[in-house]
Amino acid sequence: MQSVVNLTVHGIGPISHELDPGEGDFWVGVEQFEQVLDAVVGRQDVHITFDDGNSSDVEIALPRLLERGLTAEFFVPAGLLGEPGRLDSDGVRELVGSGMRVGSHGWAHRDWRKLTPEQVDQEFTDSHRLLSELTGRQVSRVAIPFGSYDRRVLGMMRRARVTCAFTSDGGRAQPGAWLQSRDSLRRDLDAAWISDVLNGAPSLPLRARRLAARAFKRVRG
């Protein structure tokens, strides 16, 4: 079975709102984004995803995806809809109406390892309900905020009947796997980075480190 590359986009173009610490490292320019899209046209082994529900998802990304006949999956923090620089309800509907898929990025972009019981309900129950209502489709796929998970988070997702969870672990993934690793676009990406992520084979030491990190995350907590 051919493995797949999952790419994560956060923000594109001018920064439109205050960012969390370190978030600016994952904000890319329009030309960089277009370079990535041009490289994945016709690639059935590449899946493009978006996190954080930034307004650039609709304003910048959507028309460029459509121009190239590409589809993508947008993971939206439901509780932040309508905030400055974020998607609103109409933006979510526009994505779905344009043939894109929408999943959940939780409610308020919190670290799921640190949730209170009340926040668990918001992050999984409330967010999935609101996004399902907006899209007219059952939302059960998620992207884990900050890529932060442990044994407790995996259990919460299972109980919430999450059907697929996207991480930030890096490296290729197996189609159909419940946990899907992803590579995030970074502000310093260039043609060499794109080629390496899409076509390169990680060294044995890097593969070993990634496997060890994933195994640790699954049992900690």
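Analyst: Arg161 follows helix H5 and has a positive phi, near 60 degrees. The model is predicted, so local features need pLDDT of at least 70 and side-chain atom pairs pLDDT 80 or more, while totals for chains, interfaces and linings use all residues. Residues are numbered from 1 along each chain as its sequence is written, and side-chain values use heavy atoms, without hydrogens or water.

H5 covers residues 151-159. Helices here are DSSP runs (H or I, at least four residues; strands are E, at least two), numbered from the N terminus. At the start of H5, a side-chain oxygen of Asp150 comes within 3.1 Å of the backbone nitrogen of Arg152. Inside H5, Val153, Leu154, Gly155, Met156 and Met157 are buried (under 20% relative accessible area, 1.4 Å probe, protein chains only).

Next comes strand E10, residues 183-184, which holds Asp183. Asp183 counts as buried because its relative accessibility is 13%. A polar atom of the Asp183 side chain lies 3.2 Å from the backbone nitrogen of Gly171.

Now the helix pair. H1 (residues 30-40) and H6 (residues 191-199) have axes that come within 10 Å and cross at roughly 35 degrees. Axes are lines fitted to C-alpha atoms over the stretch in contact, with angles from 0 to 180 degrees between N-to-C directions. The crossing is right-handed (the near helix is turned clockwise from the far one by less than a right angle). Gln35, Val36, Ala39 and Val40 in H1 meet Ala191, Ile194 and Leu198 in H6, with contact meaning heavy atoms within 4.5 Å. These residues divide into 6 nonpolar, 1 polar and no charged. Nonpolar covers Ala, Val, Leu, Ile, Met, Phe, Trp, Tyr, Cys and Pro; charged covers Asp, Glu, Lys and Arg; the others, Gly among them, are polar.

Key:
Buried means under 20% relative accessible area, exposed over 50%, partly exposed in between (1.4 Å probe, protein chains only). A polar contact is a pair of N or O atoms within 3.5 Å; within protein, one must be able to donate a hydrogen and the other to accept it, and residues adjacent in sequence count only if both atoms are side-chain atoms.
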